[in-house]
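I opened my notebook to look up charged pairs and surface patches. My notes follow.

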Amino acid sequence: MRAKITYLVTAAVLVFYFVLVGSRGVMLIQSGTLLTVTFGVAVLILPVIGLWFLWKNTQFVRKANRLAAELDAEGGLPVDELKRTASGRIDRDSADEVFARRKAETEAFPDDWRCWFRLAVAYHDARDTPRARKAMQRAIALHEGRTVQV
């Protein structure tokens with residue numbers, strides 16, 4: 001729940017910032033000189049890109065959470081079996097061991113979104129965020145019945 005609240009607060013702050021920047025862009029355009037209009041249009045592009053990025057990430061998180069809920073209902077969520085150091089950090093060898101099992105499972109069943117979901121969690125535990133995100137995107141695409149590019 002804390003993560004959701006943090007995400008919502010961050011999103012709200014970003015939207016406020018985008019509105020603020022966008023209003024400055026409109027003010028620059030309204031001043032009417034070639035330089036300020038050009039600069040104003042450029043300034044308006046930033047909030048548009050930011051809003052698009054925020055929207056895509058929110059959609060990704062919602063879809064991943066839906067998959068997690070469905071997998072939880074099936075009893076298929078990965079169990080946290082990772083060893084931790086005294087400070088609470090995940091032991092690297094333990095994460096690598098779990099990752100190897102998840103990767104083998106995914107290679108055995110490459111069209112099963114559940115395997116890709118669990119592999120995404122293993123990537124995340126191994127601190128490989130880009131691959132975790134790609135694996136989760138693949139799980140979402142498989143779940144939605146979309147063609148997946150390798």
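**Salt bridges and a patch**

I looked up Glu144 first. Glu144 counts as partly exposed because its relative accessibility is 38%; buried means under 20% relative accessible area, exposed over 50%, and partly exposed in between, with a 1.4 Å probe and protein chains only. The model is predicted: local features need pLDDT of at least 70, side-chain atom pairs count only at pLDDT 80 or more, and totals for chains, interfaces and linings use all residues. Residues are numbered from 1 along each chain as its sequence is written, and side-chain values use heavy atoms, leaving out hydrogens and water.

Next I checked the partner. Glu144 and Lys63 form a salt bridge at 3.4 Å, N to O (a side-chain nitrogen of Lys or Arg within 4 Å of a carboxyl oxygen of Asp or Glu). This pair links distant parts of the chain, 81 residues apart: Glu144 follows helix H5 (129-143), and Lys63 sits in helix H2 (residues 34-74). Helices are DSSP runs of H or I, at least four residues, numbered from the N terminus. Lys63 is partly exposed because its relative accessible area is 26%.

How many salt bridges are there by this rule? I noted 6.

I then turned to Arg114. Its closest N and O atoms to Glu74 are 2.7 Å apart, in a salt bridge. Arg114 is in helix H4 (residues 113-125) and Glu74 in helix H2, 40 residues apart. Glu74, Asp112 and Arg114 are linked in a network of salt bridges.

Is Asp128 buried or exposed? Asp128 is buried, because its relative accessible area is 19%. Asp128 forms a salt bridge with Arg131 at 3.0 Å between the closest N and O atoms.

Terms used
Helix = DSSP H or I, 4+ residues; strand = E, 2+ residues; numbered from the N terminus.
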